[in-house]
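Welcome! Here is a short tour of a protein model, starting with the whole chain and then turning to one of its sheets.

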Amino acid sequence: MTNNIVKVLQRSQLSHSQADVKHFIYIHSKWLEDVTELELLLTTSNNSYRAILKHDEIKSAAEELEQPYDEFFVECKNALVTQMGLPGFDYELDEQQPCFKLYKCTGYETLYIDLPLRKVSNCYQMLDAAIESAQRAPAAQASWTGETSEQYNELRTQYDQYIKDTKLCEKKLLQKFVLLMNSKKERIEELERKLEQRNNVAANAGTHEEADKIEDDDDDDDDDDYCGETQVMSQGELMQERQKKAQNKK
């Protein structure tokens with residue numbers, strides 16, 4: 001089994017309004033007897049993916065392209081294990097599908113690999129693999145060039161920075177979530193206050209209506225007394241009334 005971690009350039013097509021910004025794909029590959037396990041990380045989104053590349057699929061692709069299997073297999077492997085990519089090849093990770101595509105672009109474009117991907121949330125396995133590879137570097141220093149050692153050190157530094165950026169992004173998202181929850185809480189409290197005020201106004205309005213009703217009833221009673229039947233006067237009261245009228249005439 002061979003274990004490799006490399007960085008390749010993500011294929012992109014720029015429009016007139018886009019800046020020429022380079023984006024990369026980190027590829028961690030484990031080459032087993034019959035299959036190759038792939039882990040990929042796209043720097044534009046920091047999303048991680050996994051895939052299984054069966055060697056029978058490479059054989060089928062070689063037959064379709066009418067190429068010898070051994071030569072085609074070696075070419076595909078070199079394209080996936082060469083730091084910064086093999087010259088003449090384009091690498092594309094499509095997150096809409098999602099899938100990984102390897103193109104050979106010498107003379108005309110040929111699709112070598114079209115591999116479906118599975119998104120994963122754990123990105124630390126690739127970091128662990130990079131650290132493990134860097135730790136193995138001193139043991140193989142005698143057979144490595146200085147450039148290879150520097151590449152692994154650079155890769156480890158980049159992954160450390162990636163972990164820091166990921167944690168910072170998680171912290172910012174958590175802060176935004178807390179702000180959102182607080183705003184929702186304040187809105188709920190405001191609505192509860194308005195509801196309580198409306199209930200109090202309704203209760204007070206009901207009390208005033210009852211008082212007005214009692215006052216109206218009292219007025220009705222007074223009106224009834226005012227409009228009641230006239231009492232019949234006695235003979236003595238009638239005489240006194242006539243005397244008062246006679247005195248007033250004098």
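Of the 250 residues of the protein chain, 26% count as buried, where buried means under 20% relative accessible area, exposed over 50% and partly exposed in between (1.4 Å probe, protein chains only). Please keep in mind that this is a predicted model, in which local features need pLDDT of at least 70, side-chain atom pairs count only at pLDDT 80 or more, and totals for chains, interfaces and linings use all residues. Residues are numbered from 1 along each chain as its sequence is written, and side-chain values use heavy atoms, with hydrogens and water left out.

The protein chain has five helices and eight strands; helices (H or I, at least four residues) and strands (E, at least two) are DSSP runs, numbered from the N terminus. Along the sequence, they follow the pattern β-β-β-β-α-α-β-β-β-β-α-α-α.

Now to the sheet. Three strands form an open sheet in the order β5-β6-β7, with antiparallel pairing; two strands pair if DSSP finds at least two bridges between them. Because β5 and β7 stand at the edges, each with a single partner strand, one side of each is left without a neighbour in the sheet.

| Strand | Residues |
|---|---|
| β5 | 89-94 |
| β6 | 99-106 |
| β7 | 108-116 |

β5 and β6 pair in the antiparallel sense over six bridges, and L93 stands opposite F100 in β6. Helix α2 (residues 69-81) packs on the sheet and touches β5, β6 and β7, contact meaning heavy atoms within 4.5 Å.

Terms used
Axes fitted to C-alpha atoms, helices over the stretch in contact; angles between N-to-C directions.
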